[in-house]
Amino acid sequence: VVIPNVVTYQQQRGLSCEYASLAIATGALGNWTSEYDFESVVPLNDNPHWGYRGNINGTWGNTDDYGVYAAPLVPALEHFGFTGTAFYGETGDLKAAIDRGEPTLVWLGMGGDITHNEYTADGTRYQLTQYMHVMVAYGYDDGGVYLSDPGTGKYKYYDWGTFNWMWGIMDGMALSVSR
């Protein structure tokens, strides 16, 4: 199963993979929305579950300049006329989203399980993972998953074992995009 019209695109800043992935997903659905447009409507916050953490022009791999998780991107997608469904899933959930024709952002621990917890002032725990990266899953077969990687501007294919290992580090975090 492969969603048509998913292109490659290279992110414009060191830590804009989430916004670049949204651009790839919205483009596949017929209304390309730039990574800069998404950046303008997502709040900043130390907790990436609540907003973008750090400097988008920072260096990849650290956790001070970092990025954003799925939940704050849902209202940003709605702002531009799309529906975002954030989920923490398994392979079956990802396949179901792709079967519905929904390009799906996936959060991956590219450097392995290099994680630590931090806490907000009210004691809310959140995980940070060094070398976290976001790509767009747009297809799959029995062997693995097809991805558009904004870090390299190229297509990638990972076998299910490798993909699930990297995705599992981020608790199967995903965001499917639809109209």
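Before you start, note that the model is predicted: local features need pLDDT of at least 70, side-chain atom pairs count only at pLDDT 80 or more, and totals for chains, interfaces and linings use all residues. Residues are numbered from 1 along each chain as its sequence is written, and side-chain values use heavy atoms, with hydrogens and water left out.

**Stop 1: the sheet.** Colour by secondary structure; helices (H or I, at least four residues) and strands (E, at least two) are DSSP runs, numbered from the N terminus. You will find 6 strands in an open, antiparallel sheet, ordered β1-β8-β2-β5-β6-β7. Strands count as paired if DSSP finds at least two bridges between them. Select β1 (83-88) and β7 (154-159): each has a single partner strand, so one side of each is left without a neighbour in the sheet. From one strand to the next, the twist averages 35°.

Now zoom in on β2 (residues 104-109) and β8 (residues 173-178), antiparallel strands joined by 3 bridges. Leu-105 stands opposite Leu-175 in β8.

**Stop 2: helices on the sheet.** Here, contact means heavy atoms within 4.5 Å. Angles run from 0 to 180 degrees between N-to-C directions, with axes fitted to C-alpha atoms, for helices over the stretch in contact. Show α1, which lies across β2, β5 (132-140), β6 (144-149) and β8, at about 20° to β5.

**Stop 3: salt bridges.** Look for a side-chain nitrogen of Lys or Arg within 4 Å of a carboxyl oxygen of Asp or Glu; the count comes to 5. Select Arg-13 and Glu-39, whose closest N and O atoms are 2.5 Å apart. Arg-13 sits in the segment before α1 and Glu-39 in helix α2, 26 residues apart.

Next, pick Glu-118 and Arg-53, a salt bridge at 3.3 Å, N to O. Glu-118 is in strand β3 (residues 115-119) and Arg-53 in the loop between α2 and α3, so the pair ties together parts 65 residues apart in sequence. Is Arg-53 buried or exposed? Its relative accessibility is 6%, so Arg-53 counts as buried (under 20%; exposed is over 50%, partly exposed in between, with a 1.4 Å probe and protein chains only).

**Stop 4: Pro-72.** Finish in the loop between α2 and α3 (73-79), where you will find Pro-72. At 9% relative accessibility, Pro-72 is buried. Beyond its neighbours within four places in sequence, Pro-72 contacts Val-42, Pro-48, His-49, Trp-50 and Gly-51.
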